Amino acid sequence: MSANGIIPLQVFTLSITLQAPYLVHGNDAGRYGLHATLLRDHRRRPVLPGTLLAGRIAEVWKVHGEALGQADPDEWFGEPGEDEARQKGRRARLRVADLTLQTIEGEPFDLTKPTHEFDATRVQLDQDTGSVRHGALLAVEQVSLPGAELTFEGEWHVRADQGAAETLRKQLLVALQLQTQIGAWRNIGFGRVLKVEVTRKVEGGVTRRPMPPGAWADGRRRFALTSDDALCLSASTQRGNVFVSVDHVSGGTIKGVLARMLTERHGVKSLDELPRLALARHFDKVRVTHALPAKHEGKRPMPLPQSLVSLGGGKIRDAFRHAAPPDTLSGAVAFQPDWKGTDFETASANQGWGETRSYLRVRTDINGEGQAKDGALFAYDCRVAEAGTRWLFDIDLSGVSEADRRSVAESLDDLLAEGLAPIGKTDARATVTPCDAGVAWASGAPKALKVGDRVPVLLVSDAVLFPTTVIEIEPPEEVDLVRHYAEQFEALQREIVGADSALPLRYRHHFATQRLAGGDFLHRRHGQGQPYRPLVLTKAGSVFVFEVIDVAGARRVLDHWQQRGLSLPPEVREVHGADWKRHPYLPENGHGEVAVAPRHGFDPL
């Protein structure tokens, strides 16, 4: 531990040299005629997966751990999570990563050069006759001729003091040196290990960014997140065993990573053990918005308003003023559920969204003996940023007391200088840089606001705006969402202007969709022994339209919503709770962010 009480970040560089041929099965179809392809990462580089190496190391440690200085695989690689007996697992301390192919026969492996493809072949024998089975020639993808030396390298990270880190380095080295071969088909000589190196350095090269004048002046700051890794975030599965990632990083994910980094830095299990640190004391009050993919040097994008309609012929208009089709409208209009691909291309062309693509990584669950479980194949459908794409998010400290705000800001700047890791199911790493110079923060209400104006409020992120009891009591066909939304927004206004004051905004109508959020995991984690009850989320892109009754009061309410987002309505807090122990859909986690009268470039209908 360093003099300031911070446990240093240790970086292990692993280098493994194999003799070709080798085979770690990939999930790409490959070219015609191949029966097996090599596993490649999202940049098309051949890799030795970190999880494969971790499994082989853990196997050695379980058998020879005592002889290796009490090497404990559960300490460094973690233990399984909750099981039927509700036994809680242990997070891995050592963060593993893939080792990518660096050199072939000492020459750098370059994807930009013409690919040198070689097929390794083998035959299958007939069990009865011992002769070659007819038509059973197998072709396997290779990147070099047999006998070539292939060197793979990668970095693993852990927070530990110097003594523990050096012991861990030696334990990793010995465990890898005991591997004679890596990958499949080891029985016929594939993947022979020629050389292993494990070196260590203390990550001391992080440049602490001096806080520029004016930073955090309004209690908020914008950051850019960039990552060369594949991200699997807030993953849901609609296909049984394929976990599909969203293309944004939620504020709750960012806060979760920050909390883990902070506790690991100081060697504690909970932020409650750091009462002297202002950031730890006020952590629940720090609001982090979702990080949305944006074009390089571009503005932070927003979802398309659900009030947009297509009139055909590439014409997109905003129908927010109309609760019903106007009499002057000729022909049918299409809302987003009925749009075609060309409509989305037209509407999204100038919105500043960055580009991400899909990358599928197939894995399998492991049984207690270190072998693949039968029928336990699953996959991560990850998102990868294309060139020029970064994720933008804001941190708002307006909920932190002014006396501690500067200390919290300095701690956040110092923590974010290290980047963010581990993120999501792939334990990705990301670099974080401030980019608030020149940012024009939206103030809320339009400048020219007068009584009778109709103001649209766009929901930038999902939010819990009414309790589930609304749809539990009434039959679905009788649920009056206009009335329920009006009641909840009335309560939200009164929290700002006062219970006895007249409402400055009248709720008119909405363009909104909803979804249920729940499932076994959230119930076990947040249900606290209560009956199962999912939450109703109003989806990002929903639009709520208000009529101005009092200009000064309306400006006050809209400014508050713009800067701090929508708080949880009183009924929601009563039914579902209002802290992270009850559910994750909190304003501080980026939910309920709004944009007042957003500028999207489309004329009103």
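**Entry 1: α9 and α11**

I looked up the residues by which α9 meets α11: Phe489, Leu492, Gln493, Ile496 and Val497 in α9 touch Arg556, Val557, His560 and Trp561 in α11. Contact here means heavy atoms within 4.5 Å. The model is a predicted one, in which local features need pLDDT of at least 70 and side-chain atom pairs count only at pLDDT 80 or more, while totals for chains, interfaces and linings use all residues. Residues are numbered from 1 along each chain as its sequence is written, and side-chain values use heavy atoms, with hydrogens and water left out.

I noted the classes in the contact of α9 with α11 as six nonpolar, two polar and one charged. I took Ala, Val, Leu, Ile, Met, Phe, Trp, Tyr, Cys and Pro as nonpolar, Asp, Glu, Lys and Arg as charged, and the others, Gly among them, as polar. Helix α9 covers residues 481-497 and helix α11 residues 551-564; their axes come within 10 Å and cross at roughly 100°. The axes are lines fitted to C-alpha atoms, for helices over the stretch in contact, with angles from 0 to 180 degrees between N-to-C directions. α9 and α11 are therefore roughly perpendicular (65 to 115 degrees; under 35 is roughly parallel, over 145 roughly antiparallel, the rest oblique). Helices (H or I, at least four residues) and strands (E, at least two) are DSSP runs, numbered from the N terminus.

**Entry 2: α1 and α3**

I then checked helix α1 (residues 50-64) against helix α3 (residues 162-177), and found an angle of about 95° with the axes 9 Å apart. That makes the two, α1 and α3, roughly perpendicular. On the α1 side I listed Leu53, Ile57, Val60 and Trp61; on the α3 side, Leu168, Gln171, Leu172, Ala175 and Leu176.

For helix α4 (residues 251-266) and helix α7 (residues 402-416) I found axes that come within 11 Å and cross at roughly 90°. α4 and α7 are therefore roughly perpendicular to each other. Leu258, Met261, Leu262 and Arg265 of α4 make the contact with Leu412, Asp414, Leu415 and Leu416 of α7. The classes there are six nonpolar, no polar and two charged.

I also looked for salt bridges (a side-chain nitrogen of Lys or Arg within 4 Å of a carboxyl oxygen of Asp or Glu), and the structure holds 28. In one of them, Arg95 and Glu264 meet at 2.3 Å, N to O. Arg95 is in the loop between α2 and β3 (99-104) and Glu264 in helix α4, so the pair ties together parts 169 residues apart in sequence.

**Entry 3: surface patch**

I found a nonpolar surface patch of about 350 Å², made by Val123, Leu125, Val132 and Leu137. Strands β5 (118-125) and β6 (132-142) each supply at least two of the patch residues. Val132 belongs to strand β6.

**Entry 4: backbone**

I looked up two cis peptide bonds. The bond from Ala20 to Pro21 is cis, with omega near 5°, and Pro21 sits in the loop between β1 (9-19) and β2 (47-48). Ala421 and Pro422 are also joined by a cis bond, with omega about 0°; Pro422 lies in strand β18 (residues 420-423).

I noted a positive phi, near 60°, at Gln70, a residue other than glycine. Gln70 is placed in the loop between α1 and α2 (73-77).

Conventions
Patches are made of residues with over 30% relative accessible area and no salt bridge: like charges are joined within 9 Å, nonpolar side chains (Val, Leu, Ile, Met, Phe, Trp, Tyr) within 5 Å. Accessible areas come from the Shrake-Rupley method with a 1.4 Å probe; for residues, only the protein chains shown count as cover.
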